[in-house]
Amino acid sequence: MSVKLRNALSAAACLTAGVVLATGSFAQTPSAKPKSPLTINVIDVAGDLQISQPAIENFKKDHPDLVSRFVFTKATAPELAAKLKAQQDAGRVDIDFVLTGNDALAAGMEQGIWLEILPKYQDRFPDLEKLYHPGAYAMQKMGRGQAFVIDWYPSGPLLEYAPDRVKDLPDTAEGLLAWCKAHPGKFMYARPSNSGPGRTFVMGLPYLLGDKDPMDPVNDWEKTWAYLKQLDGCIDYYPGGTAATMKELGEGSRDIIATTTGWDINPRYLGIVPEEFKVATLKGFHWVGDANYMAIPKGVSQEKVDVLLQMIAYLLKPEQQAYMYDHGYMYPGPAIHGVPLEMAPKESQDTIRKFGRPEYERMIADNPIEPPLDAKPLVAMFDKWDREIGSAKMKQ
C-alpha cells in the first residue's frame with residue numbers, strides 16, 4: 001500500500017512542520033522508581049548510536065535517580081536475533097535496550113524475542129499518529145507495538161557516483177544493468193540484511209520494473225529476481241555492510257553504488273566519499289522509507305522496563321529528536337512533527353547546510369514514498385537473496 005505524502009513530506013523535507021505538541025511528546029505517567037539508579041545495557045545493530053547517543057546520555061543527566069550509567073555495545077543485524085533468543089532460552093538476558101533497523105526487528109519478530117509494549121502501556125504513548133510524521137508512522141505501525149521509531153527518513157534507492165569517472169550515467173533500471181555489463185565490477189551494493197542502502201535498492205526494484213506486487217517478494221517479484229541475477233554477473237562481491245561500499249567508491253575501485261539520503265550526506269561529511277560526488281535516481285523510482293527503532297527484549301526485569309519506557313517517551317520529545325539530524329546519517333532524521341533544523345545542534349545545522357542537497361526537498365515532494373516490506377516478507381526476501389543471489393559472493 002503506497003504512502004502518499006506529497007504535501008506532508010514536503011514539509012518534512014524542509015523540517016519546518018508546524019505541528020507543535022502543547023506538552024512535548026507525551027503526558028507524564030507516574031512510574032515506579034528503581035531502588036537505586038540502574039546500569040542499562042544498550043546494543044546497537046543499526047549504526048544509530050552515532051545519531052542518538054547524545055539524546056540517550058541526556059536521559060541519564062536529566063534522570064540520575066533512574067540511570068547510573070549506560071553500557072553501549074555494537075553488533076551486526078543478522079546476529080542479534082539468535083543471540084537474544086539464546087539468552088532468553090537460558091533465562092539470562094543481559095541486553096536491556098536495542099537500537100535496530102527493520103532488518104533485525106523483523107528477524108526478532110519471527111523468533112518472538114521482543115517485549116510487547118503496546119497496547120499494554122498505551123496510556124504512556126497516546127496519539128502516536130499525531131506525533132509522528134506520516135512516513136514514520138507507517139513504519140511505527142510495522143513495529144506492531146514491539147518497537148518505537150526513533151528516527152526516520154525516506155531513504156532511497158539512490159545511486160551515488162563519481163562524476164569524473166561516470167560519463168554515461170544510466171537513468172533507468174535497464175540502463176543500469178546495461179552499464180554494469182559494460183563496466184564489470186564498477187557497480188556495487190551491500191548485503192541487504194545488513195545494509196539500509198542494499199535492502200532499499202532491492203525493495204525499490206519492483207516499482208521500477210513493474211512487478212505485480214512490490215510487497216510480496218516470494219510470489220510476485222519475478223522481474224526483480226531475474227534482474228538481480230543478471231546484475232550479479234557484473235558485480236565482483238557483496239560486502240557485509242554499507243561502509244565498505246562507500247570506502248570503495250571513495251578510493252576509486254567502484255564508480256556507482258547504491259545509496260540513500262543519509263548515506264550520501266554522512267560519508268561526504270566524514271571525508272570517506274569526496275564532497276563533489278553526485279547522486280541520481282532512476283526514472284519512475286519510488287522512495288522506500290526506512291527507520292531505526294527502539295525495542296526491549298523479553299526477559300528484561302520489570303524494574304528496568306519501567307525506566308526504559310520513560311526513556312522511550314523522553315527520546316520522542318522534540319528537544320531530543322533535534323539530535324536526530326546528527327551529521328545527516330538519517331537525513332532528515334527526526335521522526336516527529338515540530339522539529340525544525342534550527343532546533344538541532346549548530347554542528348548538525350552546519351553539516352546539513354554544507355553537505356545536504358537542495359534537490360532533496362523536491363525529490364521527496366515529487367515521488368511516492370512506500371513503506372518497506374513487512375516483517376515476514378522482509379525475512380523471506382533476505383533469505384531468498386542470500387540463497388539465490390549473494391551466496392557465492394558475500395564477504396563480511
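A pocket is an open set of grid points with protein on both sides within 12 Å along at least five of seven lines, and its lining residues have an atom within 4 Å of a point. In this predicted model, the largest pocket is lined by 31 residues, and Val45, Ala46, Gly47, Asn194 and Tyr329 are the ones nearest its centre. The space inside the largest pocket comes to about 560 Å³. Several elements contribute to this lining: α2, α3 (77-90), α8 (196-209), α10 (242-251) and β9 (287-295) each provide at least two residues. By class, the lining comprises 13 nonpolar, twelve polar and six charged residues.

Two packed helices are described by the angle between their axes and the distance between the axes. For helix α2 (residues 49-62) and helix α12 (residues 302-315), the axes come within 10 Å and cross at roughly 120°, which makes α2 oblique to α12. Their crossing is right-handed. On the α2 side, Ala55, Ile56, Asn58, Phe59 and Asp62 meet Val307, Gln310, Met311, Tyr314 and Leu315 of α12. Seven nonpolar, two polar and one charged residues make up this contact.

Turning to α8, its partner is helix α9 (residues 222-232), with the axes 9 Å apart and a packing angle of about 120°. That angle makes α8 oblique to α9. The crossing of α8 and α9 is right-handed. Here Phe201, Val202, Leu205, Pro206 and Leu209 of α8 meet Lys223, Thr224, Tyr227, Leu228 and Leu231 of α9, a contact with eight nonpolar, one polar and one charged residues.

Key. Residues numbered from 1 in each chain as written. Predicted model: local features only at pLDDT ≥ 70, side-chain atom pairs only at ≥ 80, totals over all residues. Heavy atoms only, no water. Axes fitted to C-alpha atoms, helices over the stretch in contact; angles between N-to-C directions. Helix = DSSP H or I, 4+ residues; strand = E, 2+ residues; numbered from the N terminus. Parallel < 35°, antiparallel > 145°, perpendicular 65-115°, else oblique. Left-handed = near helix turned anticlockwise from the far one by under 90°. Contact = heavy atoms within 4.5 Å. Nonpolar A, V, L, I, M, F, W, Y, C, P; charged D, E, K, R; others polar. 1 Å grid on protein atoms, 1.4 Å probe; cavity = no way out; pocket = protein on both sides within 12 Å on 5 of 7 lines; lining within 4 Å. Points joined across faces, edges and corners; volume = space filled by probe spheres on them.
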